[in-house]
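Colleague: I am new to this structure and would like to learn how to read it. Could we go through it feature by feature?

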Amino acid sequence: MSNWMFVGAAFTVTWVVVLGYLLHLHRVMRRAREEFERARPGRAP
Amino acid sequence: MTTAALATKVARPRTRAWTVFGWFAFLFLIASQATAIAISPPDRDMGDLQKIMYVHVPSAWMTMLAPLTVLVFALRYLWKRREQDDLLAASAAEVATTFAGLTLMLGMIWARPTWGVWWTWDARLTSTLVLFLILAGYLALRALVDDRERRAQWSAAVGILGAINVPIVYMSVRWWRTIHQMQSSPATVDPAYVLGLRLNAFAFLFVMVFFIHRRYEAAMIERAAEHAAEAAALGGSST
């Protein structure tokens with residue numbers, strides 16, 4: 001493997017982790033908002 | 001303001017300022033990486049492998065900074081018993097775990113072509129792995145304990161334990177004979193690499209702050225939903 005392949009792998013892993021965590025946050029946030037909307041007083045169950 | 005009131009307040013309006021900050025953080029990260037790759041010459045010994053420094057070193061710094069954030073809010077929780085501090089500590093711990101995992105993976109990618117192995121039980125690598133495992137234990141503990149107060153107290157203790165490991169990780173390259181190089185900083189790297197390292201350090205810092213805030217916001221909304229459900233159940237039982 002050439003040096004650039006390791007450099008490319010490092011930057012790819014970085015973006016996979018960063019964007020993966022961002023996606024996780026997006027899902028957690030959406031689920032939390034849905035739960036809040038369901039549980040909010042005055043809303044039908 | 002109580003946690004319930006604050007959580008309900010957080011849950012309603014979408015926080016535009018933080019969304020803008022998030023976009024800024026990610027665009028800054030892209031620009032920083034592009035700049036660092038474009039302006040840095042190949043290293044005399046490592047050649048272009050040196051460019052891994054721009055992701056590995058800032059990620060390692062965040063791996064040490066995030067547990068210190070956990071420490072601050074864990075201590076504040078134990079002192080003031082405010083639920084918000086516990087949620088902030090937990091948010092920082094989740095982000096710290098992410099960066100610790102990333103740092104370990106990037107270290108392995110860098111180690112293979114420079115040391116000839118993916119992993120070695122070097123003091124720096126081992127202490128970072130221990131930190132990662134403590135943080136993972138923190139998250140597992142929170143998932144397993146249902147009682148809020150007990151969960152907050154126990155996880156604060158584990159968070160403090162993780163933070164105690166940070167100076168050991170930082171000093172490991174000085175305290176023991178290691179294959180890992182000394183700490184990288186603008187004072188120890190070649191001037192040609194300082195700007196790229198500084199830019200990426202700030203970019204990772206902005207991303208980390210955004211992540212912690214976003215996770216905290218989600219945790220507050222989860223808590224608001226729980227409070228609303230409890231209030232609805234109490235209201236229903238009284239009629």
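Colleague: At what angle do the axes of helix 1 of chain A and helix 4 of chain B cross?

Modeller: Two packed helices are described by the angle between their axes and the distance between the axes. In this predicted model, helix 1 of chain A and helix 4 of chain B cross at roughly 170 degrees, and their axes come within 10 Å. An angle over 145 degrees counts as roughly antiparallel, and the two helices are therefore roughly antiparallel to each other.

Colleague: Which residues of these two helices meet?

Modeller: From helix 1 of chain A they include A:Phe6, A:Ala10, A:Val13, A:Val17 and A:Tyr21. Among their counterparts in helix 4 of chain B are B:Leu102, B:Met105, B:Leu106, B:Ile109 and B:Trp110. By class, this contact has 12 nonpolar, three polar and one charged residues.

Colleague: How many residues does each chain give to the contact between the chains?

Modeller: The size of an interface is often given as the accessible area lost when the parts come together. Here I can give residue counts: 22 residues from chain A and 30 residues from chain B. On the chain B side, helix 3 (53-80), helix 4 (83-115) and helix 7 (191-238) each supply at least two residues. Helix 7 of chain B gives the most, with 13 residues. The chain B side divides into 20 nonpolar, four polar and six charged residues.

Colleague: Which residues of the largest nonpolar core touch the most other members?

Modeller: In soluble globular proteins, nonpolar side chains tend to be buried together. The largest nonpolar core here has 75 residues, and B:Ile52, B:Val70, B:Ala89, B:Ala92, B:Ala96, B:Val207 and B:Met208 touch the most other members. Helix 1 (3-39) of chain A gives two or more residues to this core, as do helices of chain B, including helix 2 (16-39) and helix 5 (123-144). The largest share, 20 residues, comes from helix 7 of chain B. Leaving out residues up to four places away in sequence, B:Ala96 touches B:Thr63, B:Ala66, B:Pro67, B:Val70 and B:Leu135.

Colleague: How far apart are the axes of helix 3 and helix 6 of chain B?

Modeller: The axes are 8 Å apart, and the helices pack at an angle of about 145 degrees. Helix 3 of chain B passes helix 6 of chain B in a left-handed crossing. Among the residues making this contact are B:Val70, B:Leu71 and B:Ala74 of helix 3, with B:Gly159, B:Gly162 and B:Ala163 of helix 6. The contact divides into 15 nonpolar, two polar and no charged residues.

Colleague: Where is B:Arg81 placed, and is B:Arg81 buried or exposed?

Modeller: B:Arg81 is in the loop between helix 3 and helix 4 of chain B. B:Arg81 counts as exposed because it has 12 C-beta neighbours inside 10 Å, and the cut-off for exposed is 12 or fewer. B:Arg81 also has a positive phi of about 60 degrees, although it is not a glycine.

Methods: Residues are numbered from 1 along each chain as its sequence is written. Chains are lettered from A and ligands numbered from 1 in the order in which they are written. This is a predicted model: local features need pLDDT of at least 70, side-chain atom pairs count only at pLDDT 80 or more; totals for chains, interfaces and linings use all residues. Two residues are in contact if their C-beta atoms, placed from the backbone, lie within 7 Å. Helices (H or I, at least four residues) and strands (E, at least two) are DSSP runs, numbered from the N terminus. Ala, Val, Leu, Ile, Met, Phe, Trp, Tyr, Cys and Pro count as nonpolar, Asp, Glu, Lys and Arg as charged, and the others, Gly among them, as polar. Axes are lines fitted to C-alpha atoms, for helices over the stretch in contact, and angles run from 0 to 180 degrees between N-to-C directions. A crossing is left-handed if the near helix is turned anticlockwise from the far one by less than a right angle, and right-handed if clockwise. A nonpolar core is a set of buried Ala, Val, Leu, Ile, Met, Phe, Trp, Tyr and Cys residues joined through C-beta atoms within 7 Å. A residue is buried if 20 or more other C-beta atoms lie within 10 Å of its own, exposed if 12 or fewer, and partly exposed in between; C-beta atoms are placed from the backbone. Angles under 35 degrees count as roughly parallel, over 145 as roughly antiparallel, 65 to 115 as roughly perpendicular and the rest as oblique.
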